[in-house]
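Dear colleague,

Please find the structure below, handed over for your work. My notes on its charged side-chain pairs follow.

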Amino acid sequence: AGCAEQRVLEDARKILGDSSFDIYAFGSHCNGFDVRGSDLDITVVAGGLDVPSKKRERQKLKFRLLKQLRNKMRKHARTAFKRRKKGLDTPFFKSNELIAARVPVLKAVHSPSNLEVDIVAENRIGVHNSKLLRTYAGLHPKVRELGRFVKLWASSQGIGSAKDHCISSYAWVLLSIFHLQRLRAIPSLQSKSLIGSRGKKHLVGGFDCTFCTDENRLKEMRKRAQERLDGLSLADLAYGFFERFSSLDWAENMVSVRYASLGIPRTDKKKSRKLMWIEDPFELSHNLGKGVVDSTFRMITRAFASAAHAMKAGPVVPLTTRRLHDNKEQPNNPNNQPKLNHADESKAKAGKSKGRERKEAMMAAGGDIRKKRDDIKSKSKGGKDDGFDNSQPELHLIREMIDPEFALRVRGVVLQLVEAGVLTSKAISMEMLDAVDDGTGLLHQQAKEAARCLGFAGAGELIGCILIAFSEE
């Protein structure tokens, strides 16, 4: 967890701390795959308390624990308000809403950070799941980058939440890890060859949560991951991800990070009734795709196929023509740069030459976009995201996934509009950027395809981010 999240967790322990239970963070803020806007997930674990074996009794226990915490939060908040009137800055949690769902959740907001916090009870497995993902994320930077990209992409396609009968962000991260396992870039950390068949098992609630934590073995894994992944760009990995799952026969297979294998038949009748089967690494009976229904299954498979097609056919995204196969070594490409043919290469060189002459003008164009972004953001209530925040991971993805030659073409067209006075800091809008074209219709069509593939609202938003991302180089 980051510094702000760590402070919130410490405040929770101080405010809610009790000898009868412990407080742990889990989820994206501490597993290495967090993205902007993620809530902080906290679980309370009752120490020395016997957890009932029956599901209904466990639910009652969890709800009772969370109710006690809510009362404690409200009592502390009243004290904090009194202290603040005396000029004493005291952190507290507000807006305490207890949701009596299948998994009871206590929703709160930490003050003064305004970080949203979701508190659940007795999620011991979640803590160990976060530790497992954090270990995977530490094997190579691209493990983390691909997982974050997949989460952003799924969210942009409206298929990134289990609440909408799709799959959770946690499941999407597992899919990204599984893809890297099938590329033989990273192994299964739960492999018996790594933890040993005679090693001591770490049991949590009857589930085997053992995985490799030996630093010497992890060092070897990092070295192998570096050999396999340093020559591949994030775009290469994303394309392989979409291609793999767009062609997967979900009716016959389940995805298992535990086995790092796809050839596990779904023979169980209960399992075979589910459209998707994504195995939880520890709670093996838990299918992370069990909530998917016919309509959302079609949405997910169409999204896979659409992204794979767009990245394969579109000239916007910097991909080589090779396909990523499981067992073939990839050619070394240390700079993660797209491979261009001779015609494209000459165009790129010519564009770079002209780019030097127009650099000052284009920096001004990029400045106009940033100024408009700041104006919009300053007027937005609560700092609403307008799509042009330079700290966003989307700009990093654009630098990785947009063909530099295409970016030069976009900048050239925008420069003409700037010189003609059509685009200025006072007269720029998303609608105007959305209409940017080179006169042939090709550039606009390519921008639309790239925007759809990368999860942007439209061509205008993509073009604006291209100006920001590439004008800073």
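**Salt bridges in the predicted model**

Glutamate 122 and arginine 124 form a salt bridge, with 2.9 Å between the closest N and O atoms. Glutamate 122 is buried, at a relative accessible area of 11%, whereas arginine 124 is partly exposed, at 30%.

This pair belongs to a model that is predicted, and the structure holds six salt bridges. Two further pairs are described here.

One of them joins glutamate 279 to arginine 258, whose closest N and O atoms are 2.7 Å apart. Arginine 258, at 21% relative accessibility, counts as partly exposed.

The other pair is arginine 148 with aspartate 34, where the closest N and O atoms lie 3.2 Å apart. Because arginine 148 is in helix 5 (residues 141-156) and aspartate 34 is in the loop between helix 2 (28-31) and strand 2 (40-46), the pair ties together parts that are 114 residues apart in sequence. Arginine 148 is partly exposed, with a relative accessible area of 28%, and aspartate 34 is partly exposed as well, with 26%.

With kind regards

How values were computed:
Residues are numbered from 1 along each chain as its sequence is written. This is a predicted model: local features need pLDDT of at least 70, side-chain atom pairs count only at pLDDT 80 or more; totals for chains, interfaces and linings use all residues. Side-chain values use heavy atoms; hydrogens and water are left out. A salt bridge is a side-chain nitrogen of Lys or Arg within 4 Å of a carboxyl oxygen of Asp or Glu. Helices (H or I, at least four residues) and strands (E, at least two) are DSSP runs, numbered from the N terminus. Buried means under 20% relative accessible area, exposed over 50%, partly exposed in between (1.4 Å probe, protein chains only).
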